Amino acid sequence: MDYLIDFDIPECEGNYWDLTVIGAGPAGMTAAIYGVRKGLKVLLVSRDIGGQVLETDIIDNYPPEYNANGPDLMQDFLKHLRNYQLDTLFGEEVIEIKHDQRDHQIVLKSDKIINTGAVIISAGTKKRHLGVPGESQLKDKGVSYCATCDGFLYEGQPVAVVGGGNSGLEAALDMAKIAEKVYLLVRSERLSGDQTLQDKVMNSEKIEICWSYQALKIKGEQKVESVIIKNLNTGKQRELKVKAIFIEIGLLPNSGFICEELDINDYNEVVIDENNKTSIEGIFAAGDITNIKDKQIIVAAAEGAKAALRANEYLS
């Protein structure tokens, strides 16, 4: 993907931005647009462009971009961004945020220092992978990390879902509405999601729970044909004939650079309030890196807009 602007910051000393946005996914780019539209001097800094959306093959739930793929949708975001005057710094990694009353410093891996009045953290997440043979080769060919995004493609077909937490249970229930059969793979002998979800899963005739099983291998030439699973108690293996496997074992927030004083939850997500404020004055957060429940493109974009509007109020 082409960079938006060939922008470098050789003279960080003495340079100051009203608002610095960290991350160039849907939340970050939307935040940058809203910040500029409010008259702020904005810097958008990110290691890459597009975030997790680039890994999505088909997107049918982001109006009005029906049947778009991730890279194309992010190109549309960039085209929109080109209409505004803002500074960008891509290919740089943030390693620390320092704060002092109303001013903040963002330290980059290249030793550059960004001085800014407010910060929006929108660095996103990455999906947890199984790390088994066939997973990467068959990604978007039956291997999916989002049942909400790709589930409809497998209507009337047998599928597998990996994960006993809320995301796994929700994916299994969603697929049970349209799939021929759903195998739910759980590593333990109990489910860990909300009790209401557990009850629904246990009472579903479409869902077969494979207790104490882990996936060993995903098989298929051009698309997923089956998954080999192993019982962790007996060592016995089974081969499930499925057309898709939805890996719903959680997200890893890209929050390693965050300062110690910033509140994060047990999942390393940045804790925000209804105004996208974090525990540090002047630092806001938006999108999948936060503790909001719904990890969706349209939600992340909306959260980016909210964060920028609140940051503008703070700076005013």
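Here are some friendly questions and answers about this predicted model.

Me: How many residues of strand β9 are buried?
Reply: Strand β9 covers residues 158-162. P158, A160 and V162 point one way from β9, V159 and V161 point the other way, and all are buried. Strand β9 is thus described as mostly covered, and the number of its residues that are buried is five of five.

Me: In what sense does β9 pair with β10, parallel or antiparallel?
Reply: Strands of a sheet pair through backbone hydrogen bonds, in one of two senses. Here β10 takes in residues 181-186, and five bridges link β9 to β10. Within this pairing, P158 has K181 of β10 as its bridge partner. The sense of the β9 and β10 pairing is parallel.

Me: Which helix joins β9 and β10 in a β-α-β unit?
Reply: Strands β9 and β10 pair with each other over five bridges. Together with a helix of residues 166-176, they make a β-α-β unit that is right-handed. That helix is α4.

Me: Which residue of β15 stands opposite V159?
Reply: Strand β15 runs over residues 244-247. β9 and β15 pair in the parallel sense, with four bridges. In that pairing, the residue of β15 opposite V159 is A244.

Me: Why does I245 count as buried?
Reply: I245 lies in strand β15. Among the residues that I245 touches are L130, G142, A160, V162, I218 and V227. A residue counts as buried when its relative accessible area is under 20%. I245 is buried because its relative accessible area is 0%.

Me: What is the relative accessibility of S144?
Reply: S144 sits in strand β8, which spans residues 143-144. Beyond its neighbours within four places in sequence, S144 is in contact with D150, I245, F246 and I247. S144 counts as buried, and its relative accessibility is 4%.

Me: How many nonpolar residues does the contact of α1 with α6 have?
Reply: Helix α1 (residues 26-37) and helix α6 (residues 297-315) have axes that come within 7 Å and cross at roughly 35°. Residues making the contact include P26, A27 and Y34 of α1 and I297, A300 and L309 of α6. By class there are three polar residues and no charged ones, and the number of nonpolar residues is 10.

Me: Is the crossing of α4 and α5 left-handed or right-handed?
Reply: Helix α5 (residues 195-202) packs with α4 at an angle of about 35°, and the axes are 10 Å apart. The contact involves N166, L169, E170 and L173 of α4 and L197, Q198, K200 and V201 of α5. These residues divide into four nonpolar, two polar and two charged. The crossing of α4 and α5 is left-handed.

Methods:
Residues numbered from 1 in each chain as written. Predicted model: local features only at pLDDT ≥ 70, side-chain atom pairs only at ≥ 80, totals over all residues. Heavy atoms only, no water. Axes fitted to C-alpha atoms, helices over the stretch in contact; angles between N-to-C directions. Helix = DSSP H or I, 4+ residues; strand = E, 2+ residues; numbered from the N terminus. Contact = heavy atoms within 4.5 Å. Nonpolar A, V, L, I, M, F, W, Y, C, P; charged D, E, K, R; others polar. Buried < 20%, exposed > 50% of the residue type's maximum accessible area, 1.4 Å probe, protein only. Pairing = 2+ DSSP bridges. Right-handed = clockwise from strand over helix to strand, strands pointing away. Left-handed = near helix turned anticlockwise from the far one by under 90°.
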